[in-house]
Amino acid sequence: MRIVVGLFAALVMNTAFAAPTAKTTDTAKMNKFINNLMSKMTLEEKAGQLTQYSADMSKTGNTVRENYREDIIAGRVGSLLNAFTPKFTRELQQVAVEKTRLKIPLLFGYDVIHGHRTIFPIPLGEAASWDMKRIEDAAAVAAKEASADGIHWTFAPMVDISRDPRWGRIMEGAGEDVWLGSKIAAARVRGFQGDKPGATDRVLACVKHFAVYGAPVAGRDYNPVDMSDRELWESYLPVYKAAIDAGAATAMTSFNDINGVPATANDWLLNDVLRKQWKFKGFVVTDYTAIYELIPHGVAKDLKDAALQSFRAGSEMDMMSGAYPKYLPQLVKEGKISKAQLDTSVRRVLEAKYKLGLFDDPYRFSDEKRAEKAMLTPENRAVARDVARRSLVLLKNDNGALPLKREGTIAVIGPMADNQRDLIGAWSAAGSAMDEWKKAITVIDGLKQVGGSKVKVLHAKGSEFFYDEAMLKVQNEHGANLTKDKRSREEMINEAVRTAKKADVVVMAIGESHGLSGEAASRTSIRVPEPQQELLKAVRATGKPVITLIFSGRPLALEAEAAQSDAMLAVWFPGTESGNAIADVLFGDHSPSGKLPVTFPRNEGQIPIYYSHKNTGRPYDGKDKYRSQYLDVANTPLYAFGHGLSYGKFDYSDLKLSSAKIKPTQKLKVSVTITNNGEHDGEETAQLYVRDMVASVTRPVKQLRGFQKVFLKKGESKQVTFEVALEDLKFYDKNMKWVAEPGDFKVFVGTSSDNVKEAGFTLL
Ligand code: NOJ
């Protein structure tokens with residue numbers, strides 16, 4: 001009987017014998033349709049499908065193309081970015097399907113990074129929730145709104161690992177850790193795309209920026225990346241792979257060069273790694289004008305050369321360089337690019353359009369009735385509020401300064417107190433392009449609404465973000481809308497001090513304006529701008545309890561602020577529901593549960609600083625001079641990766657391993673008891689790290705390999721069990737082979753990367 005079943009299974013699995021399933025007939029139907037269409041296409045029309053221009057609703061790059069409508073009519077455009085709303089996309093789609101020879105619909109892409117109209121916390125903030133379900137939900141809401149607004153395709157998730165807080169785009173990723181980053185990348189792809197290709201409430205995802213855009217030399221945007229193979233393969237590339245394995249439909253090249261070769265013309269990266277090794281089936285779009293940029297990079301002599309190199313390397317859709325429509329047909333005629341390669345790329349783009357159902361109905365996503373009901377709904381806002389409150393990280397809380405009581409007078413002071421625009425952060429899609437920030441809840445309004453009638457809220461702005469004229473000009477040119485108060489700095493501070501004196505407690509709302517992070521927004525100083533530091537000092541001197549909310553798009557160096565605050569929260573830019581989410585946490589309706597996905601240094605000189613560093617041959621011991629250390633500052637960060645307090649107080653005890661020795665086929669069980677010894681209920685994120693004690697190459701002192709969320713009532717204890725499998729112990733050995741080497745390991749479990757219990761085991 002067994003043999004018969006086995007034989008039957010073998011027959012079914014062999015597609016040659018299998019009866020056609022719905023899927024195979026669908027694919028056959030699609031192939032037939034696309035073959036037929038492609039047989040009619042000229043070389044120019046094919047190159048057109050590989051061309052993307054920006055419409056003029058938003059500006060997300062350095063150049064715009066005036067005559068893109070004429071390009072559409074001429075069949076020279078396959079996709080547009082920066083066009084949305086059902087009305088506008090319908091109008092443009094109509095041009096494509098009514099005025100062009102072959103009536104091929106356009107694909108509309110847009111940067112829907114952390115929400116579309118309902119804005120969620122910046123991605124680094126979302127990552128601080130360590131909550132995969134909620135991160136997926138956030139992407140699904142973003143997809144719902146974007147798809148109702150005519151958009152087919154988001155340029156997200158951005159998954160670039162970054163260990164350099166000077167880099168402004170650290171706000172757009174999931175932080176410093178490859179393991180956590182990979183889980184988040186997959187959750188975001190699932191949220192954007194769902195599992196039914198072509199569903200009208202989802203959008204195609206685009207994993208970016210391939211690759212290693214987050215590690216520019218000196219943290220300056222667009223700078224080169226110079227990295228060892230081992231670091232590349234171990235600490236950076238797996239996140240992109242995780243997004244691709246989760247089904248990301250497209251990928252975007254990065255601006256930077258990698259060890260000398262720009263990503264957009266990087267044959268090894270795109271053809272060998274992405275296509276051959278990772279079996280990526282979607283299409284690759286370049287970043288904005290990245291083909292053209294091969295010229296200033298100094299690897300292409302002109303735009304034709306740049307087109308040739310990019311296409312050969314595997315860059316398939318040209319975003320805004322205008323190189324493919326101009327040169328691809330000619331390069332094919334000259335025999336420099338094969339017709340077959342061109343067809344393969346065109347087919348991938350047409351397949352994406354086909355799967356979205358655009359050939360059946362090009363206006364599927366341009367439905368005004370649906371759009372009217374889809375945006376900023378109470379349901380969407382409720383998800384945004386929950387994600388936002390889960391993203392806040394309680395950095396310190398002395399003497400139970402938080403939660404606040406629902407009575408008495410609270411003074412809210414700082415440039416973020418009564419601010420809406422900055423709450424939604426950078427890369428905020430229609431949040432900024434359509435002024436949806438006007439619907440954001442301010443800190444003051446949140447405190448009033450959530451606090452209730454017994455709470456009196458006073459307010460003073462106290463300071464501008466900064467007074468530097470040059471900085472103000474640049475920020476405003478990029479849409480920051482920062483104004484300057486007529487009063488002098490001194491007058492504003494005095495008013496803030498007077499206000500603080502009238503209150504029982506002060507909530508300081510300070511930090512970066514939204515334009516201090518994001519693209520082209522690197523900083524060498526990662527401080528709260530100086531005028532706000534002065535403001536904090538003056539308020540602190542009143543002797544009132546100070547709760548400081550730090551708004552930022554990156555880790556900041558916060559020693560001074562920590563010293564002048566009783567409690568301090570990293571709130572990032574929490575989005576549309578900012579004020580409500582912050583108030584939920586301050587009043588204790590939600591006990592803070594966020595954990596840092598990235599290290600907060602003491603000062604800029606420590607950068608790059610990350611928890612999974614190597615031990616060195618001379619690790620710090622606190623005694624010997626000839627050790628790896630600074631003369632002027634400790635090696636340790638101010639707040640470590642994984643740090644985040646709660647109103648509960650979680651104690652770890654009784655760490656147990658299922659065995660002191662495991663075989664490669666066995667899984668190690670690691671259990672620990674967590675007790676909430678605090679005064680409040682709360683959720684803890686217990687973290688598991690491993691370390692290989694002796695290996696053929698040097699290994700990090702800790703690597704995250706698991707986490708679990710556990711809700712504990714005041715006084716409650718729970719046992720939490722993790723599993724460590726062979727895969728968790730693997731790394732690239734001396735010969736760049738992915739192996740686990742037998743020998744001694746340590747396993748750590750705790751509340752943050754620098755506060756753990758440890759035990760040892762041996763891999764046989
Ligand atoms: C440039 C950015 O690097 C990229 O992330 C974005 O998707 C494109 N511009 C399009 O706006």
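How do the residues of the shell around the ligand divide into nonpolar, polar and charged? In this predicted model, the shell is made up of six nonpolar, two polar and five charged residues. In total, 13 residues surround the ligand. The closest of these are Thr-60, Asp-111, Arg-169, His-209 and Asp-287.

For Asp-111, an N or O atom of the side chain is 2.5 Å from an oxygen atom of the ligand. The side chain of Asp-287 likewise has an N or O atom 2.5 Å from a ligand oxygen. For Thr-60, the distance between a polar side-chain atom and an oxygen atom of the ligand is 2.6 Å. The ligand taken alone exposes 300 Å², and 100% of that area is buried by the protein. The space that the ligand takes up is the largest cavity.

The protein is divided into domain 1 (2–243 + 253–262 + 350–371), domain 2 (263–337), domain 3 (379–598) and domain 4 (650–763). Between domain 2 and domain 3, the C-alpha centres lie 43 Å apart.

Terms used: Residues numbered from 1 in each chain as written. Predicted model: local features only at pLDDT ≥ 70, side-chain atom pairs only at ≥ 80, totals over all residues. Heavy atoms only, no water. Near = heavy atom within 4 Å. Polar contact = N/O pair within 3.5 Å; in protein donor to acceptor, adjacent residues only side chain to side chain. Areas by Shrake-Rupley, 256 points an atom, 1.4 Å probe, with all protein chains shown as cover. 1 Å grid on protein atoms, 1.4 Å probe; cavity = no way out; pocket = protein on both sides within 12 Å on 5 of 7 lines; lining within 4 Å. Sits in = over half its atoms within 2 Å of the grid points. Nonpolar A, V, L, I, M, F, W, Y, C, P; charged D, E, K, R; others polar. Domains from an automatic or database assignment.
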